[in-house]
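Look at the sequence and the structure, then read the points below.

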Amino acid sequence: VHPAVPGVGQHANLGDLVPRRMPVVLAGEVQPTVGAGSGRLELADWVASKSNPLAARVMANRVWMLHFGQGLVRTPGDFGKQGRPPTHPELLDYLASEFMESGWSLKHLHRLMMGSATYQQASGGNTLSATQDPDNQLFARMNRRKIEAEAVRDSLLAASGRLDLTLGGMAVTDIATPRRTLYLRTV
């Protein structure tokens, strides 16, 4: 047990008042002060500003990871110095700028990626790319992905002509019901 330093960390001995602002390590020394309120609006404006592309890059990487199985930055939770650099930095910057220019529209970002030739590739690839890039770091082919159980069940019901496409309604508990799996309550 360390002896307490007099006056430090004592609830009754308050220090100087520190104005609210962004962490200097993130926003730098020169930044607007927070006026009235909690500062959350200023934080949101700073995060979503064009002068701070980090949020757009992270989001573009996450959406890419959703569609391709792995992100352009292979460490999506760490864009810092300990994380891995992007495999395609120009593509990541392009997607981030498109995301910001579209008014931060996720729909636009999804459509941009899904309409690309990269997304529409077959998963087979060719022998040259398989030998030179076995981990598919350069996205020469589409990665194989697992299909969800809901899609398998709905596909089987549709192929048999039994899929009930009625929209809305209550969830059902009987798995033998031919309703879309979206309406099947999990127990």
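Tyr119 has a relative accessible area of 21%, so this residue counts as partly exposed, since buried requires a value under 20%. The model is a predicted one. Phe68, at 1% relative accessibility, is buried.

**Aromatic pairs**

- There are 5 aromatic pairs in the structure.
- One of them joins Trp64 and Phe139: the ring centres are 5.3 Å apart and the planes stand at 80°, so the pair is edge-to-face.
- Trp64 belongs to helix 3 (residues 54-68), while Phe139 is in the loop between helix 6 (127-132) and helix 7 (149-159), so this pair ties together parts 75 residues apart in sequence.
- Trp64 and Phe139 are both buried.
- Phe68 and Tyr119 also pair, with ring centres 5.8 Å apart and planes at 85°, so they too are edge-to-face.
- This second pair links distant parts of the chain, as Phe68 lies in helix 3 and Tyr119 in the loop between helix 5 (106-114) and helix 6, 51 residues apart.
- An angle of over 60 degrees between the planes is what makes a pair edge-to-face.

**Aromatic cluster**

- Which residues form one aromatic cluster with Trp64 and Phe68? Tyr119 and Phe139 do, which gives a cluster of Trp64, Phe68, Tyr119 and Phe139.

**A charge over a ring**

- Arg179 has its charged end over the ring of Tyr183.
- The distance from that charged end to the centre of the Tyr183 ring is 4.0 Å.

Conventions. Residues are numbered from 1 along each chain as its sequence is written. This is a predicted model: local features need pLDDT of at least 70, side-chain atom pairs count only at pLDDT 80 or more; totals for chains, interfaces and linings use all residues. Side-chain values use heavy atoms; hydrogens and water are left out. Rings of Phe, Tyr and Trp (its six-membered ring) pair if their centres lie within 6.5 Å; planes under 30 degrees apart count as stacked, over 60 as edge-to-face and the rest as tilted. Helices (H or I, at least four residues) and strands (E, at least two) are DSSP runs, numbered from the N terminus. Buried means under 20% relative accessible area, exposed over 50%, partly exposed in between (1.4 Å probe, protein chains only). A charge sits over a ring if NZ of Lys or CZ of Arg is within 6 Å of the ring centre and within 35 degrees of the ring normal.
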